[in-house]
Amino acid sequence: MATGRTHRPATRSRGIPEATVARLPLYLRALTALSERSVPTVSSEELAAAAGVNSAKLRKDFSYLGSYGTRGVGYDVEYLVYQISRELGLTQDWPVVIVGIGNLGAALANYGGFASRGFRVAALIDADPSMAGKPVAGIPVQHADDLEKIIQENGVSIGVIATPAGAAQQVCDRLVAAGVTSILNFAPTVLSVPDGVDVRKVDLSIELQILAFHEQRKAGEEAALPDAAAPAAVTRGGSAAEQGPDGDVPAVMPA
């Protein structure tokens, strides 16, 4: 089976837009779920809903793949799974190294979805000497001193960085110098890489902060809505006292 060092996905050479490439994994996930349920065909509307996009955008994306479906029948699920997997390069074996085997790195090593999606965890690397030789997910951790040798021996072109922020750039530089051309960065820092090296950043804290923003906005919208079920506030001439949340303090005090 071919390795990632000698083969690159065909998407760039075929001129598929980056926005379309970013949606292909969403379609593949939805199609894989359909395939597991032995669903033979799917309409663009059904697949778009499952992937969280509109059907017009889906049809446009698939046109770049040369797949237009059949009127009245829809798309062949198994063929689309193969077609998208081929475009993403997932019909090849992509050896991956994970650098930084703390809690996050260990969790990534134990993730069972890599193998089923065309990725093989070839090595786990950590700078802590006490970690050397310890098995994580059945793979013995190797010391960072051997990083370059590990990259070369396993033909690795994809590296995952799960180190603390302060160590991430140095690890990135070593990966790139050893021949790694794609990096998935979990460290909370921005990496500087030369042209020809692709970096995808996953920052869990930023995602949580974005969710916090939306929660705060929703709370503000709810607070601004009139509460038709609530009793009228007490005014100076009111005859009844409105109870506060604790039952003993007026919710609105008279002026």
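Biologist: What covers the buried residues of H4?
Modeller: The cover includes helix H1 (18-36), strand S1 (41-42), helix H2 (44-51), helix H3 (55-65) and strand S2 (75-76). Contact means heavy atoms within 4.5 Å, and buried means under 20% relative accessible area, with exposed over 50% and partly exposed in between (1.4 Å probe, protein chains only). Helices (H or I, at least four residues) and strands (E, at least two) are DSSP runs, numbered from the N terminus.

Biologist: What kind of model is this?
Modeller: This is a predicted model, where local features need pLDDT of at least 70, side-chain atom pairs count only at pLDDT 80 or more, and totals for chains, interfaces and linings use all residues. Residues are numbered from 1 along each chain as its sequence is written, and side-chain values use heavy atoms, with hydrogens and water left out.

Biologist: Back to H4. Which of its residues are buried?
Modeller: In helix H4 (residues 77-87) they are Val77, Leu80, Val81, Gln83, Ile84, Ser85 and Glu87.

Biologist: And what caps its N-terminal end?
Modeller: Aspartate 76 does, with a side-chain oxygen 3.2 Å from the backbone nitrogen of glutamate 78. A polar contact is a pair of N or O atoms within 3.5 Å; within protein, one must be able to donate a hydrogen and the other to accept it, and residues adjacent in sequence count only if both atoms are side-chain atoms. After H4 comes glycine 89, with a positive phi near 80 degrees.

Biologist: New topic, the sheet. In what order do the strands come?
Modeller: The 7 strands of this open sheet run S5-S6-S4-S3-S7-S8-S9, with mixed pairing. Strand S5 (135-136) and strand S9 (198-201) are the edges, each pairing on one side only. Two strands pair if DSSP finds at least two bridges between them.

Biologist: How many bridges join S3 to S7?
Modeller: There are 4, and strand S3 (residues 94-99) runs parallel to S7. Valine 96 is opposite isoleucine 158 in S7. S7 and S8 are also parallel, over 4 bridges, and glycine 159 faces isoleucine 183 in S8.

Biologist: Which way do the S7 residues point?
Modeller: In strand S7 (residues 158-161), Ile158 and Val160 point one way, Gly159 and Ile161 the other, and all are buried. In a regular strand, side chains alternate between the two faces of the sheet.
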